[in-house]
Amino acid sequence: MAATAPASRDPVTTPEPEDPDLALADTVVRQLFLLTRQVKRSAERHRPEMIVDMAGYHLLAHLRFGGPQRAGEVAATLHSDPSTVSRQVTALVKAGLVERRADPDDGRASLLAATDEGFRVIETERRRRARAIAEVLGEWAAPDRAALTDLLGRFLDDYQTFEARES
């Protein structure tokens, strides 16, 4: 009798977790992954209209909404390596979207801030994204749109709380 090879752990054929809570969480993770991939694809489709790449957009948006910050703070918040942030900042400064300002609390340090042009770029991209999402949700009932918004906000808040406890 020939020995059979052990079953491979092929992710496509691996059964769902048996615990209903884990199965639900696995489905949420998969849906979030697919959503993120779809959003990235959409951004790629609109790349000619975009002035900055996705990484630059996230950094610029962070400065737009978080205000001027040191590069180290930006790197920590974006969970990025400081050298990566430095390269992105250099490109954004060169494009006139970010500027370095003297830190009023420490003359040896500088703060990064979005320029007026940086604000314009972020607002243009935000409107483009908002129009796309509005069109996708256009046929949803108002209570469903509100529920999605509320649940996404709640999930994000709870996930951030969880991460803060874990670190």
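**Salt bridges, helices and a nonpolar patch**

User: Arg108 first: buried or exposed?

Analyst: Arg108 is exposed, since its relative accessible area is 78%. Here exposed means over 50% relative accessible area, buried means under 20%, and partly exposed lies in between, with a 1.4 Å probe and protein chains only.

User: What sort of model is this, and how are residues numbered?

Analyst: The model is predicted: local features need pLDDT of at least 70, side-chain atom pairs count only at pLDDT 80 or more, and totals for chains, interfaces and linings use all residues. Numbering runs from 1 along each chain as its sequence is written, and side-chain values use heavy atoms, with hydrogens and water left out.

User: Which residue meets Arg108 in a salt bridge?

Analyst: Asp106 does, with an N to O distance of 3.0 Å between the side chains. A salt bridge is a side-chain nitrogen of Lys or Arg within 4 Å of a carboxyl oxygen of Asp or Glu. Asp106 is buried, at a relative accessible area of 17%.

User: What else forms a salt bridge with Asp106?

Analyst: Arg70 also pairs with Asp106, and their closest N and O atoms are 3.5 Å apart. This pair links distant parts of the chain, 36 residues apart: Arg70 sits in the loop between helix 2 (54-66) and helix 3 (71-77), and Asp106 in strand 2 (residues 106-114). Arg70 counts as partly exposed, at 32% relative accessibility. Together, Arg70, Asp103, Asp106 and Arg108 are linked in a network of salt bridges.

User: How many salt bridges does the structure hold?

Analyst: It holds 10 salt bridges. Among them is Glu123 with Arg126, whose closest N and O atoms are 3.0 Å apart. Because Glu123 and Arg126 are three residues apart in helix 5, about one helical turn separates them. Arg126 is partly exposed, with a relative accessible area of 38%.

User: Stepping back, how many helices and strands does the chain have?

Analyst: The protein chain has six helices and two strands, in the order α-α-α-α-β-β-α-α along the sequence. Helices (H or I, at least four residues) and strands (E, at least two) are DSSP runs, numbered from the N terminus. Of its 167 residues, 23% count as buried.

User: Which residues of helix 4 are buried?

Analyst: Val85, Gln88, Val89 and Leu92 are buried in helix 4. Seen down the axis, the buried residues fall within an arc of 105°, so they line one face of helix 4; the arc is that of the directions from the helix axis to the C-beta atoms. Arg87 and Lys94 are exposed on the face turned away from the buried side of helix 4.

User: Which residues form the nonpolar patch on the surface?

Analyst: Leu24, Val28, Leu32, Leu35, Val39, Phe155, Tyr159 and Phe162 form it, with about 690 Å² of accessible area together. Helix 1 (20-45) and helix 6 (142-166) are the elements that give two or more residues to the patch, and helix 1 supplies the largest share, five residues. Patches are made of residues with over 30% relative accessible area and no salt bridge, joining like charges within 9 Å and nonpolar side chains (Val, Leu, Ile, Met, Phe, Trp, Tyr) within 5 Å. Accessible areas come from the Shrake-Rupley method with a 1.4 Å probe; for residues, only the protein chains shown count as cover.

User: Which residue caps the N-terminal end of helix 1?

Analyst: Asp19 does, through a side-chain oxygen 2.7 Å from the backbone nitrogen of Asp21.

User: Last one: where does His79 lie?

Analyst: His79 is in the loop between helix 3 and helix 4. Its phi is near 55°, a positive value in a residue other than glycine. Most residues other than glycine have a negative phi. His79 is exposed, at a relative accessible area of 74%.

Conventions
A polar contact is a pair of N or O atoms within 3.5 Å; within protein, one must be able to donate a hydrogen and the other to accept it, and residues adjacent in sequence count only if both atoms are side-chain atoms.
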